[in-house]
There are 2 protein chains.
Amino acid sequence: MFRVKKLDVESGSSLVVVMNRQNARDMNIHLEDRVEVFWKGGSFVAVLQLSDFSTLPGEIGFMKEVCDYLGGKIPEEVHVRPVVKPDSVQLIKRRLFGTPLKGGEIRQVVFDLMENKLSAVESAYFVASAYVQRLSFEEEEALTRAMVDAGRTIRFPGKLVLDKHCIGGVPGNRTTPIVVPIVAAAGFVVPKTSSRAITSPAGTADVLEVLCRVDYSARELKSLVKQVGAAMVWGGALDLAPVDDILLKLRYPLRLDPVAFLLSSIMAKKKAVGADKVLIDIPLGAKVKDASSARDLASRFKYLGSKLNMEVRALVTDGFQPIGSGVGPALEAIDVIEVLRGKGPEDLTEKAVGLAGELLELGGKASGRELAWKLLKSGKAYKKFREIIEAQEGDPGVKPRDIPLGEYVVEYPVPEDQTYLYYDSEVIAKVARMAGAPGIKGAGVKLMYPPGSKVREGRTLMKVYTPVDTRVPAIEKFLEENAPLVSREMIIGTY
Amino acid sequence: MFRVKKLDVESGSSLVVVMNRQNARDMNIHLEDRVEVFWKGGSFVAVLQLSDFSTLPGEIGFMKEVCDYLGGKIPEEVHVRPVVKPDSVQLIKRRLFGTPLKGGEIRQVVFDLMENKLSAVESAYFVASAYVQRLSFEEEEALTRAMVDAGRTIRFPGKLVLDKHCIGGVPGNRTTPIVVPIVAAAGFVVPKTSSRAITSPAGTADVLEVLCRVDYSARELKSLVKQVGAAMVWGGALDLAPVDDILLKLRYPLRLDPVAFLLSSIMAKKKAVGADKVLIDIPLGAKVKDASSARDLASRFKYLGSKLNMEVRALVTDGFQPIGSGVGPALEAIDVIEVLRGKGPEDLTEKAVGLAGELLELGGKASGRELAWKLLKSGKAYKKFREIIEAQEGDPGVKPRDIPLGEYVVEYPVPEDQTYLYYDSEVIAKVARMAGAPGIKGAGVKLMYPPGSKVREGRTLMKVYTPVDTRVPAIEKFLEENAPLVSREMIIGTY
């Protein structure tokens, strides 16, 4: 018998109990073994952690997740016995050694991940396996389906549901809050979910949060869409494809490129909101470096979509340069409103209209691009945008000048006469992050000239906004040492 | 500023601080990021965990390792700022993607592992990388050297230090407590360290612990060897090559075969105790399944030894069958004493004498095998054994009958007339573990006939000892369903 001790700590992942090292040794059980904890009236299986200190011999510590799981009905004394690991541990091992799994096996792993049955180390081996040996088509399909089935789903019966997604990596590329209102203004249903930035200066959810609420439940998302035909919310609070978040957390420590899980991650979330037709934006020159990889990715999206009953159109777009003038939540929100009011940066306007046109055609409209222009120029898209913002508890009348920016401004001059401005996206993104983006909404970088401009030496090339004066010296120093402009490399790769 | 909260829990690996999820989001820092915690008077770098619960907004939780690290001088309030990850995170990522590291880079990873600078997930990716792409010779050498340098070392100046090691996997194969006394009786210095069982029914340290103390510090090991010329202790308390334990813990959840780290693990510990000449026992048919892998492993041991200034002789031995009659700590201890008294199982005696003979020749003696026999038969080895047991605080006069065995005995009869007994080592090991080995010393299996015997149906083939009556039914059921005998496969592999 072990006396139960409540530990005031979360494991962060699986159900974890902590035993004294001596007890574990006496029982022949080891760190990360599974144990069944049982008593008169209940039992559960947990992963074992060991301690010399938090739990004395004869004690067993329950971490927060265990106490939650038991709903407060915590026994005073329990028995413990070792149990075998879930099958998926063996599957993960096999996959790490190069054998692809069958669909049902992938499903087993996904559900065990979702139900917190795998420890962090075991889960990391699964992630590693996907980098060692790319997921097969069968695995990718099974992973995507299992991710959908392991989370919540929303359906809009009788409606044609359109959706879009960009694989990301381009500073300032904030097309969603323009494309969604255009397409919704044409009468389509668009339940758009977006992510927050992880390593970039702003995700779509961070930008929208400048203007309205974004953290809604799946039920609320459905009701928003019913109300105004579209919504633009953060995907993280919806519990759609929750396994995606688990995989993301496991990749983050090594900043592993999401490529191994990119398709399943995106397509599971589209399927979960009931999308029928999906437009995928693949910026070339950002995360995808060469045209053949971009084409390969596009065809994998289309194939996976067809397996899941979604029609996919994939666009390879120019991701070599920042898009729009603002980089950072508030500055990008300003760009978006300017575009919707007809005075925004040309490149962002062009791209958003292009995407919206494709999506309209995917929805069955003829001459989608012309229709998109018409909806934008007529103000119908802006009207729909304000409806969405209002439904999401924001101020629909907000003007760019109402959006606060950081009060400290670092101005960066054009270093010499430039015949062709070519920005270093990584430097721009880094500076925006140094200024405080995305956590500080008003922090970011404003590019005063679009890429390709001819500019005279000494003019202000960009302004860095930050509300934190102590960050200014580091930003100045960084910009001295890292020019935000590069010479363009015309040959990207040789094959 | 954050208020410090002491958390009554160990992280088990790196220095970990816990922040409220909201604070982390405001600061743009994420799970497993590194943060610098600083205050007037000190600072340290830790891995970040997140919580909704253990730490409220404005609080920072210090786990046990952090409090230990600060030696009790814990500030009340601290600042926190993000810092870059150690270089080794980038190195691990590179290696996971297939690029071998340079010697200095491997060294960096080893020292960061040792200094708790890497989180469990990051460390797991390093382990995974070694299964994806085998360590190169350069990496293996660097890993071994770094493991030695990261731990304690012992030297015996002016002495020729001999050592042996078996890669394991054969039930009952307890040669160390016989070989070491023989070789020490010939005047050689043998500072032998052994491991405890992890997934097998007994490790050498578990067996020796039946007879004497085995948990000594490095300083005590040195003093034991000075006193009687040899020692046989548990490697785990010595802090020799501590990184080996870290890697072991990371492999354990997936039961990853140690092969990727086998050489470095063994050779680092040999180098750490100052071994000049090392005998390696590679049982064929246990962990190594075919002769060519065994030869390959043997030559890698020799090569790595030469790089580290150790002369290595590697023996490929018969590991297809259990050795000796006992499997489990007490039963194996009994076998050992019987062999030293001249009445032990023939196969164990033969093997131990063979190994001792090779080791004596490695030490410069002529006709090693004859010398080993002489030292055993004359009782000189047994005398040396008793000296060692006495030095290690055991009873040198202990007799086999003094060693307690589990009081409940399951007898298993020979199922049919057998012309050639061929045991299933895995079933034998599993039954010994079910009986309670290695945690319960008196639990285990006694084989009544050696492999190859001709036995009549109905005779007692083996006895299972356990002190826990509740385990008896499960053992009986398991043996009904899993015969401990198999038919011998004469062709092991085709190449």
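**Entry 1: handedness.** I began with a term: a crossing is left-handed if the near helix is turned anticlockwise from the far one by less than a right angle, and right-handed if clockwise. Helices here are DSSP runs (H or I, at least four residues), numbered from the N terminus. By that rule, helix 9 of chain B and helix 16 of chain B make a right-handed crossing.

**Entry 2: ground rules.** I noted that this is a predicted model, where local features need pLDDT of at least 70, side-chain atom pairs count only at pLDDT 80 or more, and totals for chains, interfaces and linings use all residues. Residues are numbered from 1 along each chain as its sequence is written, while chains are lettered from A and ligands numbered from 1 in the order in which they are written.

**Entry 3: the helix pair.** At what angle do helix 9 and helix 16 of chain B cross? I found roughly 145 degrees, with the axes coming within 10 Å. (Axes are lines fitted to C-alpha atoms over the stretch in contact, and angles run from 0 to 180 degrees between N-to-C directions.) Leu224(B), Gln227(B) and Val228(B) of helix 9 meet Glu387(B), Ile388(B) and Ala391(B) of helix 16; contact needs C-beta atoms, placed from the backbone, within 7 Å.

**Entry 4: helix 15 of chain B.** I looked up which residues are buried (20 or more other C-beta atoms within 10 Å of their own, placed from the backbone). Helix 15 has Gly368(B), Leu371(B), Ala372(B), Leu375(B) and Leu376(B) buried. They share one side of the helix, because they cover an arc of only 135 degrees around its axis, taken from the directions from the axis to the C-beta atoms. Their cover includes helices 7, 14 and 16 of chain B. Just after helix 15, Gly379(B) has a positive phi of about 85 degrees.

Technical notes:
Helices (H or I, at least four residues) and strands (E, at least two) are DSSP runs, numbered from the N terminus. Two residues are in contact if their C-beta atoms, placed from the backbone, lie within 7 Å. A residue is buried if 20 or more other C-beta atoms lie within 10 Å of its own, exposed if 12 or fewer, and partly exposed in between; C-beta atoms are placed from the backbone.
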